[in-house]
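Hello,

Here is the structure I promised to pass on to you. My notes on it follow below.

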Amino acid sequence: MTKHSAFSAEDAAPAQTGRRFTSYPPASCRTAAAQATGCWLDAAVARRAEHDDWMEKHPSALAEFESVLAAAKGKQVVMFLDYDGTLSPIVKDPDSAVMTDEMREAVRGVAEHFPTAIVSGRCRDKVFNFVKLAELYYAGSHGMDIKGPTAQSKHAKAKAEAVLCQPASEFLPVIDEVCRALTATTAAIPGATVENNKFCLSVHFRCVQEEKWRALEDQVRSVLKDYPDLHLTKGRKVLEIRPSIKWDKGNALQFLLEALGFADSNNVFPIYIGDDRTDEDAFKVLRSMGQGIGILVSKIPKETSASYSLQEPSEVKEFLHKLVKSKQRD
Ligand SMILES: O=P(O)(O)OC[C@H]1O[C@H](O[C@H]2O[C@H](CO)[C@@H](O)[C@H](O)[C@H]2O)[C@H](O)[C@@H](O)[C@@H]1O
């Protein structure tokens, strides 16, 4: 298979801006080679071929909907949904990434039929304020802050309200301290913003001039030098600062399956839909369990452990609607 960057043109810096951004190479070597020879038609053909090749390996979950249903037949579907880029489109201002009422209704419909969790890099309260559905499970801070439903529903387990998992709670004071330090240090870079996600932080560079990306990353790394228990990862035009503990969205998925009573069960079919690098941890867990499916939301080929793809949040909504309809005709 052609190697793709998990984060390509739509998300991050081009490779030539510096070695530390080189986890974001051009879309494919084939395309780059064609571009290098100056043959743009070849490059377009190569891109198309690359896309077709990728779609064969990660087919549309809508086009293959009946196969998904067949695989899930007789099993309990559990739905896991990432937020940004999955339920809401990527926008410049993170505080404006609202979810449409139509998408909320689609998620509500799914939650009526299946246990449903939102798994986000955002602070749990913030993502709850966007989604506003009390019958769901929420895993905020990249899974480091998990809470059960606060409203009863058919699928909220009797003790759901008691579900709480905060494996990084000892990091709260240090995260606040680093948030203050980063906010002060990056203030001179226009467009840079720091978002406090409670157990982790995001430094956004979507609105920063490309020439300043390197300087911003240098500043963030210089602050982090004094905090060896924290580490930096990269998402969609965002630098993410997280505690160095072995806990990610994959662990959150496993924790929730266990909390729902599906530990070691062969009768469960988890579906995880996400668009970001951090969602890959959950896709990998599903692969290693050999149960359920991962669906990557992306318009372009990316290296992924997901089995299926959807292009954008509107397709996610359609997929959720189809799932609800299929349940209604059961
Ligand atoms: O796990 P997620 O729910 O996907 O959260 C990952 C990050 O999402 C948000 O940032 C991204 O979306 C913003 C709004 O569309 C966009 O402006 C930004 O460039 C994206 O990186 C969120 O603000 C971050 O804190 C999350 O870590």
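Two strands, β7 (201-204) and β9 (238-243), each contribute at least two residues to the shell around the ligand; helices (H or I, at least four residues) and strands (E, at least two) are DSSP runs, numbered from the N terminus. The shell holds 24 residues, and the nearest ones are Asp84, Pro94, Ser120, Gly121 and Ser202 (near means a C-beta atom, placed from the backbone, within 6 Å). Sorted by class, 10 of the shell residues are charged, eight polar and six nonpolar; Ala, Val, Leu, Ile, Met, Phe, Trp, Tyr, Cys and Pro count as nonpolar, Asp, Glu, Lys and Arg as charged, and the others, Gly among them, as polar.

Please keep in mind that this is a predicted model: local features need pLDDT of at least 70, side-chain atom pairs count only at pLDDT 80 or more, and totals for chains, interfaces and linings use all residues. Residues are numbered from 1 along each chain as its sequence is written.

As for the fold, the protein chain has 10 helices and 12 strands. Of its 330 residues, 44% are buried (20 or more other C-beta atoms within 10 Å of the residue's own, with C-beta atoms placed from the backbone). Among contacts between residues at least 6 apart in sequence, 57% join residues at least 24 apart; a contact means C-beta atoms, placed from the backbone, within 7 Å.

Happy browsing!

Methods. A residue is buried if 20 or more other C-beta atoms lie within 10 Å of its own, exposed if 12 or fewer, and partly exposed in between; C-beta atoms are placed from the backbone. Two residues are in contact if their C-beta atoms, placed from the backbone, lie within 7 Å.
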